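Please look over the model below before reading my notes. They cover the sheet, the cores and a few backbone points.

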Amino acid sequence: PLGVIERKAFLSNVGARSRKAAWTAMAFADPRPLVVEGAETIAAFLDRVLDDHAEDLGQGVIVVEAGRYLGVAAMVDLLRQTHGETARLGAQADEAHTRLHQALDAIPEGLAFFDEDDRLVQWNRRYAELHPAVAPTMKVGLPFIELLWAGIEAGEFPEAEGREAAWIRERLLMRTHDVAHEQALSDGRWLRIEERAVSSGGRINVLVDITDLKRREASFRLLFESNPVAMVVIDAETKRLLAVNTAAEAQYGYPREAVVGRRALDFIAPEDQTTGEQMLSSSVFTHRQTETRHHLTADGRVLDVLPYLQATSYGGRPAILAALIDVTLAKAAEAELERTRAFLDAVIETMPTMLLVKEASEHRYVMINRAGEDLLGVRREEILGKTDHDVFAPAQADFFVECDDATMASGDV
């Protein structure tokens with residue numbers, strides 16, 4: 001590195017010998033005074049330089065390196081070398097800066113960096129696209145609060161309308177909590193905003209366009225709320241209710257505010273608690289359940305419910321969508337039908353008259369009572385599903401078929 005005689009000593013000595021201005025290359029120098037030529041004093045060194053190279057004083061530069069006088073030409077070379085190195089480093093810095101910009105612009109999320117004074121430092125193209133109304137006002141050094149006011153003046157934040165100052169305070173407070181939040185824009189779009197402090201003392205803003213997600217959620221809510229089938233949404237982790245639809249309110253007799261936040265198992269009968277817990281804890285849900293579960297209503301009734309479960313997400317959280325079909329009346333009707341069938345079977349079995357039932361197209365036997373077994377001398381296992389020709393002699397079988405055809409042709413059946 002270059003060494004330059006300490007400025008004060010140099011100027012004081014030069015001032016005593018010459019009225020001409022003299023300058024040193026202090027910008028390139030080690031600030032510590034340089035001891036030249038071993039024990040040679042600064043005054044002796046200056047005397048020697050000024051006697052031998054007085055004409056260089058007119059050029060305004062005297063440079064030494066390790067105590068050796070270099071002169072003006074060497075200084076020019078040095079400046080050229082320094083300028084070349086500076087230009088090379090500057091080109092490398094420009095190239096790195098360009099690559100950084102290109103990388104940031106390739107990111108699908110909007111990114112903005114703010115310094116420790118919350119002033120805008122850098123942002124990518126997507127960030128400007130997500131804030132088109134205020135993009136023209138963005139510039140390096142713009143305070144974040146002015147960015148918010150610019151958005152309000154452009155009508156970008158509908159939530160701030162009529163309460164601008166309060167909205168600004170809430171927004172700045174939210175910024176200090178490092179939590180993600182959602183923000184509606186006046187053009188109908190929604191942004192998810194994440195703000196984080198960085199080690200340098202500044203902050204980084206990350207914007208994600210969640211408009212499509214919001215629209216899907218709105219469609220889901222519409223279908224969910226208006227569905228005639230009772231439906232609930234259950235948190236996949238806590239197994240607590242996140243939402244219920246109107247049909248579920250009517251089916252179970254609870255207003256939604258009384259059930260949201262409660263455990264799903266609270267509405268399952270004790271005998272089905274274990275299977276219900278296993279079903280909710282499963283990592284794979286089948287679209288169709290074959291067994292009913294007993295659920296409890298607000299007035300103490302027990303419902304036979306056929307549950308259909310499907311993994312989903314709700315409010316950005318893993319969830320379970322459950323459709324709960326009340327089959328209580330259907331099961332009661334089925335049970336009543338079964339009782340009626342059993343009663344008729346008992347009557348048919350005990351009547352003394354032979355009773356046979358055949359399938360019309362192929363004349364196969366589908367029913368025979370005990371009296372028929374006794375009269376024909378066959379067991380029902382030997383005749384059911386068979387035709388007359390499978391069981392009886394040809395002539396007798398022909399007679400039975402002829403009788404059946406005549407009966408069918410008469411229209412009396």
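1. Two strands pair when DSSP finds at least two bridges between them. Helices (H or I, at least four residues) and strands (E, at least two) are DSSP runs, numbered from the N terminus. Ile-234 stands opposite Ile-320 in S12. S8 and strand S12 (residues 317–326) run antiparallel and are joined by six bridges.

2. A word on the basis. This is a predicted model, in which local features need pLDDT of at least 70 and side-chain atom pairs count only at pLDDT 80 or more, while totals for chains, interfaces and linings use all residues. Residues are numbered from 1 along each chain as its sequence is written, and side-chain values use heavy atoms, with hydrogens and water left out.

3. The sheet is open and has five strands, in the order S9-S8-S12-S11-S10, with antiparallel pairing. S9 and strand S10 (293–296) are at the edges with a single partner strand each, so one side of each lacks a neighbour in the sheet. From one strand to the next, the twist averages 40°. Helix H7 (residues 211–226) packs on the sheet and touches S8, S9, strand S11 (302–314) and S12. Contact here means heavy atoms within 4.5 Å. The direction of H7 makes about 130° with that of S8. Axes are lines fitted to C-alpha atoms, for helices over the stretch in contact; angles run from 0 to 180 degrees between N-to-C directions.

4. Now the cores. A nonpolar core is a set of buried Ala, Val, Leu, Ile, Met, Phe, Trp, Tyr and Cys residues joined through side-chain atoms within 4.5 Å. Buried means under 20% relative accessible area, exposed over 50%, partly exposed in between (1.4 Å probe, protein chains only). The largest core has 22 residues; Phe-114, Tyr-127, Met-138, Leu-147 and Trp-167 have the most contacts inside it. H5 gives the largest share of this core, five residues. A second, separate core has 20 residues, including Val-232, Ala-264, Leu-280 and Leu-303.

5. What does H5 pack against? Its buried residues meet S3, H4, H6, S6 and strand S7 (203–209). Those buried residues are Phe-144, Leu-147, Leu-148, Ala-150, Gly-151 and Ile-152. Leu-147 touches Phe-114, Tyr-127, Val-134, Met-138 and Leu-142, leaving aside residues up to four places away in sequence.

6. Check the backbone at two loops. Asp-118 is not a glycine, yet has a positive phi of about 60°; it lies between S3 and strand S4 (120–123). Lys-239 has a positive phi near 65°, in the loop between strand S8 (230–235) and strand S9 (241–244).
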